[in-house]
Structures are given as structure tokens and as C-alpha cells.
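Let's take a walk through a protein together. Have a look at the sequence and the 3D picture, and then we'll go from the whole chain down to single residues.

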Amino acid sequence: LSPLTLPMPPLDTAARRAPCPAGSVVSGTNRFCTAADRATDKTRVAAALLGVWCDTSCAPCAAGSYGGGGIGALKCDPCPNNAVAPTPGLTSCSSCPAGTAPNAARTKCERCPDGSHRTSAAEPSGVCALCALGTFKPAGSDPAAPCVPCPAEAYAPKTGAVSCEACPAGMKRVVNLTDPSTLPGGSKADCKCLMVGKFLDSRSYTCEECPDGAVCDEVGSTLHTLTPEPGWYRFHANTTKLYRCPDERACHGSGSGSGGSVAVTQAAAAAGQPTHGDALCAGHSTGPLCMECDAGHFRRFVDFAGIDGGEACGSCGGSVLPHIVAAGALLVSALFLFMTFVPSLWVRVHINGWWRVALVQTWLTLQTVSRFAAVQGVRYRA
């Protein structure tokens, strides 16, 4: 009788299914038994006839991984980010409980460090989250509990804080006196002066008394948002020195007396708009101390109520004041010339000599005013 020959499966690596239990991986030569194996090892004849493997061994999956592919798995899979396999040869990984996270090797769960938390075992990243800016977790507190916001008198400028830093004396993270809500608390800049009549000097980060000419009647005043009173001028946003305007009509200020407020000034500063200089000038006034006028306007040194709206700078085109001044000057000039060349008129109207002196003085004054720019070297705006 001829020997019985059974078909052998192809030696395809991808199709190999060696007899290794779950939780382990195939190792060794991993080959099918052959006729040579039957000749040298009679005990393998049956195995060869059945097509099983010769020279095959199995190794357990290492800690941090698991054998989830069943019998004949060729590789172990690493544990997911939020789970661990503490011992070799496991068929699945275990999720880390809240307050803990897997170590880098995925072999054990470790307690979240101070200043962080992990509130759920189902959280997929498996990472303890650091406390955000403005929040903290005291050392030794429950690592599964969330971080808590800093109190209104403190702030946390870094992530993972275990405590908050106190605001400077007299400061608090409030929006204003009537609003109980607090600012985020991630920066010292969130601390505001609480006392009306004071402002926050960002150069020293202290609460200072409101300077003369400024309004500090609301919580939140800062060096950059000081609001000048009407009739006061500020040259720069970084100075606490304010100046009284020579012509108060030209300086409307930005304080509550002119309808403005700290909130209005802060909004202007946040929008990149100036809160000093020309921003404090009324109408068509401009320049230092608002003592210049826009083009097409002139300085009214006499306040005629109702003329040009009472503004310091009147329109050259539409104002009646220049015409009144010009007409008066012409009238005085004509009267002076007439009285000069007709001396007998003085006698006829019985006018004393001091009236003539007054007319001469008026004429000289008008001449001086007309030559003021040239004599004093003043450059008027075009």
C-alpha cells in the first residue's frame, strides 16, 4: 500500500494560526511539520498528518499590552490611552479610575499631581488636566474633583496652580461696585481698584489718589483711562499730570461732568481710540491745551452767547462775529480820521480832549492786534 498523503496548507505568514492561547503571541520558528520531521521524530507523525505546527512556542503579551486577537495571534496590542495592563499575558486592559492616569508604559495608574484633575474614568485622553488660568487645586485635595476659581481678591497667572496670588491691597477682581461678577483672574491686570476716588497706576500697580482735574467716580479707573473733567487737558495717557485749559470752552474733558464716564473712556481705549490730547477738545478746537483752531475757523476771545454756539473756535465762513469786529474797527477808524481832519467838530459837539485820546488808543490797539502774529512769531493754523 502506498503511504497516505494529506494536503498541506500553504506556508503563508499572513494565514498562520499557531496554537497559542489568548493573551500570548506566537514565537519561535512557526513552521508546519514536514516529512523530514516524521522521519526524525516519530512522535510528530500524527501532528504532521494533521497539519499542525512544529518548533512553535508562545510568549505572553508584555505588561502594558494585551492579546485580544484570540488563539494564534501574531502580535499584542498596546493598551489605549486611558487604560493599563499591570501584568503580562492579559487579554484586555483596565481603565484608570477618576483622579488617576496611566503612566507612560501603560502598566499602572498613577495619582494626578497637585494642581491637576481627571474627573472621569471614561475620559479618553488618559491625561490629568492642569488647572486653567484663574483656577487652582490645593495640594493633597481630591484629584477627581475639578479645579475651583480663585476668590475675588486673588488671581492665578499660571496653569496647574495649587494656590492663588493675592491682589494688591485695596484691589479686587470685580467689574464694578454694582456688579457681583468677577473678571477671569488669570492675570494681575484683572485686579481693579475698589475705592471710588482712586485709580490703578500700572507703573507701580498700586491704587493712587485721583489727580486734580480728573474724575475717578467709578471702580475700574486706571492710569490709561483717567477721565479729565471739563476744562482740563491731558497730554499723554501715561501721565498723571493734568492742566487747566486757558479757555475752558475749548476743553470738554471726558469725565462724568461732560456726560462721559470711566466705562466710556475704557471702551475708547480698548478700541484703540485716544483718550487724551485732541480727543479732549471741544468743537473745532485742537492742539496743545485745545488752544488752536481747525482750518477755516478762528479763536473767539470774547464769548458772545448764541454766536457759533458759544464755541471757542468760530467758523470764518458762517460766523457773524468777524463781521462785527471788522465793522467796529472800520467805524472807529473812520471816526478817528474824521475827527483828526475836522478839528472844529470837537468844539461843535463839545467833546472833551480825553475822548480823542481814547480813540487814538483804540486805533493803536487795533494796529497791535493786526501785527501780533508777526511781532510775537506766532504761527496760526492755515
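Predicted model: local features only at pLDDT ≥ 70, side-chain atom pairs only at ≥ 80, totals over all residues.

What follows starts with the overall picture and then turns to the cysteines and the core.

The protein averages a pLDDT of 76, and 63% of the residues score at least 70.

Now for the overall build. You'll find 7 helices and 28 strands in the protein. Out of its 382 residues, 33% count as buried. The protein exposes about 21400 Å², and 62% of that comes from carbon and sulfur atoms. Among contacts with a separation of 6 or more, 44% are between residues 24 or more positions apart.

Next, the cysteines. A disulfide is a covalent bond between the sulfur atoms of two cysteines. How many disulfides does the count come to? The count comes to 12 disulfides.

Take Cys-96 and Cys-109, whose sulfurs sit 2.0 Å apart in a disulfide. The torsion about their S-S bond is about -90°, so this disulfide is left-handed. Cys-96 lies in the loop between strands S6 and S7, while Cys-109 is in strand S8, 13 residues apart. Are the two partners buried or exposed? Cys-96 is buried, with a relative accessible area of 0%, but Cys-109 counts as partly exposed at 30%.

Another disulfide pairs Cys-167 with Cys-191, again with 2.0 Å between the sulfur atoms. Its torsion is about -65°, so this one is left-handed too. Cys-167 is in the loop between strands S14 and S15 and Cys-191 in the loop between S17 and S18, so the bond ties together parts 24 residues apart in sequence. Cys-167 is buried at 10% relative accessible area, and Cys-191 is buried at 0%.

Both of these cysteines turn up in the largest nonpolar core, which has 8 residues in all, including Met-171, Leu-200 and Tyr-205. Zoom in on Tyr-205: leaving out residues up to four places away in sequence, Tyr-205 touches Pro-168, Met-171, Lys-188, Ala-189, Asp-190, Cys-191 and Leu-200.

Methods
Residues numbered from 1 in each chain as written. Heavy atoms only, no water. Core = buried A, V, L, I, M, F, W, Y, C linked by side-chain atoms within 4.5 Å. Buried < 20%, exposed > 50% of the residue type's maximum accessible area, 1.4 Å probe, protein only. Contact = heavy atoms within 4.5 Å. pLDDT = per-residue confidence, 0-100. Helix = DSSP H or I, 4+ residues; strand = E, 2+ residues; numbered from the N terminus. Areas by Shrake-Rupley, 256 points an atom, 1.4 Å probe, with all protein chains shown as cover. Disulfide = S-S within 2.5 Å.
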